[in-house]
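Here's a quick briefing for anyone meeting this structure for the very first time. Have a look at the sequence and the model, then read on.

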Amino acid sequence: MEKEGKSNREIASLLGKSPQTIHTEIKRETVLQCLGKGRFKKVYSADYAQQSYESNRKRSIKKLSLTKELKEKILHYHNQKFSPEMMVKAKEVNVGVSTIYYWIYHGKLGLTKQDR
């Protein structure tokens, strides 16, 4: 759209975003394009922007480690027929409900399909 001569405000209006968001995105996600003989021009690259977003997103997610103590606590409550929601709310297992479900369904807790 920028190639079409549209301003950041026009692009923002079309996309339903803030003009500052458009400015920041274009500024942040530019790459140098060689024009030849040592001349370069900054251009926006949607592919680079997406790749950069995905890379940054991976680093922004906190990795939770399943300690032996936490695993034993979850299994103890699981054996007492507590749901992950009950574990988190009532018994203060300090991880998210979705994390417990993830660990269950990806075999991190050593449970079989019959145990679930």
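Predicted model: local features only at pLDDT ≥ 70, side-chain atom pairs only at ≥ 80, totals over all residues.

Residues are numbered from 1 along each chain as its sequence is written, and side-chain values use heavy atoms, with hydrogens and water left out.

- I74 sits in helix α4; helices (H or I, at least four residues) and strands (E, at least two) are DSSP runs, numbered from the N terminus.
- Setting aside neighbours within four places in sequence, I74 is in contact (heavy atoms within 4.5 Å) with L66, M87, V93, I100, W103 and L109.
- Which residues make up the largest nonpolar core? There are 12 of them: L70, I74, Y77, F82, M87, V93, V95, I100, W103, I104, L109 and L111.
- Two or more residues of this core come from each of the elements α4 (68–79) and α6 (97–105).
- A nonpolar core, by the way, is a set of buried Ala, Val, Leu, Ile, Met, Phe, Trp, Tyr and Cys residues joined through side-chain atoms within 4.5 Å.
- As background, nonpolar side chains in soluble globular proteins tend to be buried together.
- L70, another member of the core, has contacts with S65, V93, V95 and W103, again leaving out neighbours within four places in sequence.

**How α1 meets α2**

- The axes of helix α1 (residues 8–15) and helix α2 (residues 19–28) come within 8 Å and cross at roughly 110 degrees.
- Those axes are lines fitted to C-alpha atoms, for helices over the stretch in contact, and the angles run from 0 to 180 degrees between N-to-C directions.
- So α1 and α2 are roughly perpendicular to each other (under 35 degrees counts as roughly parallel, over 145 as roughly antiparallel, 65 to 115 as roughly perpendicular and the rest as oblique).
- On the α1 side, N8, R9, I11, A12 and L15 meet P19, I22, H23 and I26 of α2.
- Sorted by class, this contact has 6 nonpolar, 2 polar and 1 charged residues (Ala, Val, Leu, Ile, Met, Phe, Trp, Tyr, Cys and Pro count as nonpolar, Asp, Glu, Lys and Arg as charged, and the others, Gly among them, as polar).

**Two lysines with positive phi**

- K37 is in the loop between β1 (30–36) and β2 (39–44), and its phi is near 50 degrees, a positive value in a residue other than glycine.
- Is K37 buried or exposed? Its relative accessibility is 89%, so K37 counts as exposed.
- K81 is in the loop between α4 and α5 (84–90), with phi near 70 degrees, also a positive value in a residue other than glycine.
- K81 is exposed as well, at a relative accessible area of 72%.

- L35 is found in strand β1 and counts as partly exposed at 44% relative accessibility.
- Not counting residues up to four places away in sequence, L35 touches F40 and K41.
- L35 and H106 are 71 residues apart in sequence and 50 Å apart in space, C-alpha to C-alpha.
- Y102 lies in helix α6 and is partly exposed, with a relative accessible area of 43%.
- I74 and S13 are 61 residues apart in sequence, and their C-alpha atoms are 49 Å apart in space.

Key: Buried < 20%, exposed > 50% of the residue type's maximum accessible area, 1.4 Å probe, protein only.
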